Amino acid sequence: MTKLDVDERWDLIDKISKKTVTFGEYKHTLKDAIGELTVKPLTGIPIAIAVLYGFWSFFSSFAGFFTDGFFVKLFDEHWLLWLQEIFPGKESWLYYIFVGDPSATNCFEAFGVLTSGFFVAIGVVLPAIVAFYLILTLLEDSGYLPRLAVLIDTILHRIGLHGYAIVPTILSLGCNVPAVAATRVLETRKERFIMMTILAIFIPCGAQLGIMKEVIPDTMGFVIFYLFMGYLIFGFILNKIIPGKTPEMLIDVPPYQMPTAQNVGRKLWMRTSSFFKVALPFVLLGCVIVNVLYLTGFIAWMGDILSPLFIGWFGVPSETAGPLIAAFLRKDLAVAQLSAIEMTRYQMISAVVLVSIYFPCVATFAMMLREGWKELLGSIAVLAMVVTLYGGLLHLIWILLGVA
Amino acid sequence: MKILLMGHPNVGKSVLFNRLTGANVIESNYPGTTIDYTKGYMRVGGEEVEVIDVPGTFSLDPKDKAEEVAVKMLHESRDATVICVIDASKIERGLYLVLEIVEEGYSVAIALNMWDVAEDKNIKIDVVNLERILGVPVVSTTAISGEGIKELVSRSRGTAPVEVDDIFERVED
Amino acid sequence: MEKKISEMNYNEEAIVKSIDEDLKLKVAGMGIRVGKNLKMITKHPMKGPVVVSVDGANTSLGLGVADKIIVEIE
Ligand SMILES: Nc1nc2c(ncn2[C@@H]2O[C@H](COP(=O)(O)OP(=O)(O)OP(=O)(O)O)[C@@H](O)[C@H]2O)c(=O)[nH]1
Ligand SMILES: [Mg+2]
């Protein structure tokens with residue numbers, strides 16, 4: 001069998017093309033004009049900012065509309081009251097695990113499997129996930145993402161990545177698990193390692209964003225800003241210390257296309273339902289485990305042991321031990337749990353930041369393991385450093401501002 | 001029978017795969033959507049046919065892990081019929097991958113997908129002549145509307161490997 | 001006149017003259033080969049990427065790539 005070399009192959013293609021293809025006069029269309037406007041820096045950057053801002057506004061108003069406008073009432077005024085009434089044995093441990101604190105007046109504080117578990121999963125996370133995936137799908141299907149990649153390439157080069165790393169980054173704002181898999185489109189091991197590590201540490205997932213909006217609506221902006229700075233700072237450091245190369249970006253910028261309702265609907269359904277298949281069992285299981293750990297006194301014991309670290313170094317109450325254990329299973333659950341702990345506004349910010357950066361959730365962890373255990377160990381080492389330094393730094397900032 | 005869908009990123013392989021098998025893999029308008037392989041099945045005249053969707057690749061010389069998946073799957077499927085999915089509006093670069101696969105001795109059929117886009121861009125392709133020169137079935141398709149898919153399936157049956165030397169001869173005629 | 005892709009001006013058209021050996025195969029995947037006609041769509045400041053159009057399709061090249069492809073302006 002004859003094998004051709006690269007040039008011979010192209011010569012043959014040229015010959016074939018001459019005989020079979022005619023390129024007619026190409027007319028510039030409105031679509032092309034918009035395509036160019038959104039990729040040129042002077043017009044493209046303001047448009048990108050507007051698009052991302054629009055993304056955020058839609059996300060928070062959509063999720064807020066359903067959570068605050070509907071689910072909070074449903075769960076606090078009906079579901080919780082009803083459960084508290086019909087569930088037998090207020091003093092029993094079964095009641096504690098399933099309904100939670102008998103004196104609770106809302107589903108955040110109760111922390112039972114049937115109360116907080118369902119409320120977090122359905123009342124808070126579901127609307128957030130639906131809102132996120134709706135916009136993500138529009139961005140994907142229209143063909144905007146490659147343009148965003150071109151616009152952000154210069155910045156991402158500073159942290160050892162190139163523009164295309166925006167794809168895993170944006171995917172991970174929905175869920176870190178598919179985002180870790182999406183790092184496969186990056187060419188070098190160095191790039192993949194940096195991307196996987198900083199997204200697992202710094203990027204909050206959709207579920208976490210949804211719950212943060214409920215628990216810390218006023219200070220959420222700061223938390224996100226702090227995480228985003230961490231993404232850049234530690235990306236910059238990793239780029240300096242990890243050997244290897246960052247290749248240049250080389251991507252097709254496809255023409256814009258109108259997303260079809262059918263494909264958007266189908267993707268939304270697929271992603272939401274598969275998210276729930278994974279998330280719901282973990283949220284419920286997480287509630288059970290955490291409640292059992294509370295009942296057995298394990299969390300109080302952990303809190304005592306770790307209190308010098310928590311209080312002295314991170315400046316958060318020692319009760320934070322409970323949510324941090326829950327955070328390994330589900331970060332949304334952990335943030336919900338924080339809302340029931342007595343603390344100042346600044347301690348709350350620190351605690352939410354800690355929950356975010358301290359460990360990837362178990363599903364992400366499993367996915368990272370699939371991509372390679374050496375990388376995973378490396379990521380964990382980076383993570384330990386980041387938590388200690390970047391978590392401690394926030395405490396230092398509060399001390400310097402005189403609020404801790 | 002086994003069919004493997006190969007082609008550059010973002011040419012419509014996953015759309016085609018979903019159409020053929022009724023599966024629900026993710027399709028999006030950016031290169032690099034699919035990062036792992038998916039197997040599905042379809043019935044053709046009473047026969048169960050396995051169809052595999054893989055990540056897009058530019059050549060058989062993979063440059064990232066996603067492309068590795070595609071090339072590995074190709075090499076593990078020596079007996080498969082390879083449907084090369086080409087973006088008809090970028091036909092020349094698509095043919096590069098086709099030649100690479102033909103040279104390795106696979107039975108190939110070509111889907112000239114995004115036919116609607118090529119028409120909009122005023123690109124005219126002489127499908128009959130292309131098929132004669134290459135010696136493999138060439139079918140124009142528009143995967144999103146389903147046009148040409150039936151023909152693609154029926155034409156993909158009974159393809160046989162071709163020699164590059166013969167292609168050289170036929171292109172001179 | 002010969003220059004690098006990275007030195008082309010907005011909207012300028014040119015024909016590819018030569019490509020760095022290491023890059024040949026990689027950029028060929030994007031439709032860029034010797035003899036092809038290119039049009040500059042946009043250049044990003046601060047060592048940013050360029051976007052060129054080849055056969056009516058847009059492709060983005062990092063500056064490091066755009067520096068290694070020589071074109072001829074007619
Ligand atoms: N106009 C038009 N668009 C199409 C056609 N086929 C697919 N598309 C669109 O092209 C885009 C890419 O389709 P996919 O099926 O995801 O592409 P793929 O080849 O699987 O891409 P990768 O998974 O990245 O390798 C989607 O937005 C489709 O809607 C077609 O025949 N005509
Ligand atoms: Mg695909």
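This is a predicted model: local features need pLDDT of at least 70, side-chain atom pairs count only at pLDDT 80 or more; totals for chains, interfaces and linings use all residues.
Residues are numbered from 1 along each chain as its sequence is written, chains are lettered from A and ligands numbered from 1 in the order in which they are written, and side-chain values use heavy atoms, with hydrogens and water left out.

**Chain C against chain B**

Stay on the side of chain C that touches chain B and select helix 1 (24-28) and strand 5 (57-61) of chain C, the elements that give two or more residues to it. Helices (H or I, at least four residues) and strands (E, at least two) are DSSP runs, numbered from the N terminus. Helix 1 of chain C has the largest share of this side, 3 residues. Coloured by class, the side shows 4 nonpolar, 4 polar and 4 charged residues. Ala, Val, Leu, Ile, Met, Phe, Trp, Tyr, Cys and Pro count as nonpolar, Asp, Glu, Lys and Arg as charged, and the others, Gly among them, as polar.

Next, pick E92(B) and K36(C): they form a salt bridge, with the closest N and O atoms 2.9 Å apart. The term means a side-chain nitrogen of Lys or Arg within 4 Å of a carboxyl oxygen of Asp or Glu. Between chain C and chain B the count is 2 salt bridges. The contact (heavy atoms within 4.5 Å) draws 12 residues from chain C and 10 from chain B. About 750 Å² is buried between these two chains, 54% of it on carbon and sulfur atoms. Buried area is the accessible area (1.4 Å probe) that two parts lose on being put together, summed over both.

**Chain B against chain A**

Now show chain A with chain B. Here 49 residues of chain B and 51 residues of chain A are in contact, and the buried area is about 4,500 Å², with carbon and sulfur atoms giving 57%. Select R9(A) and E100(B) to see a salt bridge whose closest N and O atoms are 3.7 Å apart; the interface holds 8 salt bridges. It also has 23 residue pairs in polar contact, both at pLDDT 80 or more.

On the chain B side, the elements giving two or more residues include helix 2 (65-75), helix 3 (91-103) and helix 7 (164-172). Helix 3 of chain B supplies the largest share, 9 residues. By class, this side divides into 22 nonpolar, 9 polar and 18 charged residues.

**Ligand 1**

Finish at ligand 1, which lies between chains A and B. A selection within 4 Å, by heavy atoms, gives the 24 residues that surround ligand 1, with K13(B), S14(B), G32(B), T34(B) and D116(B) the closest. Helix 1 of chain B gives the most to this shell, 3 residues.

- From an oxygen atom of ligand 1 to a polar backbone atom of G32(B): 2.8 Å.
- From an oxygen atom of ligand 1 to a backbone N or O atom of S28(B): 3.2 Å.
- From a nitrogen atom of ligand 1 to a side-chain N or O atom of N113(B): 3.2 Å.

Note on methods. A polar contact is a pair of N or O atoms within 3.5 Å; within protein, one must be able to donate a hydrogen and the other to accept it, and residues adjacent in sequence count only if both atoms are side-chain atoms.
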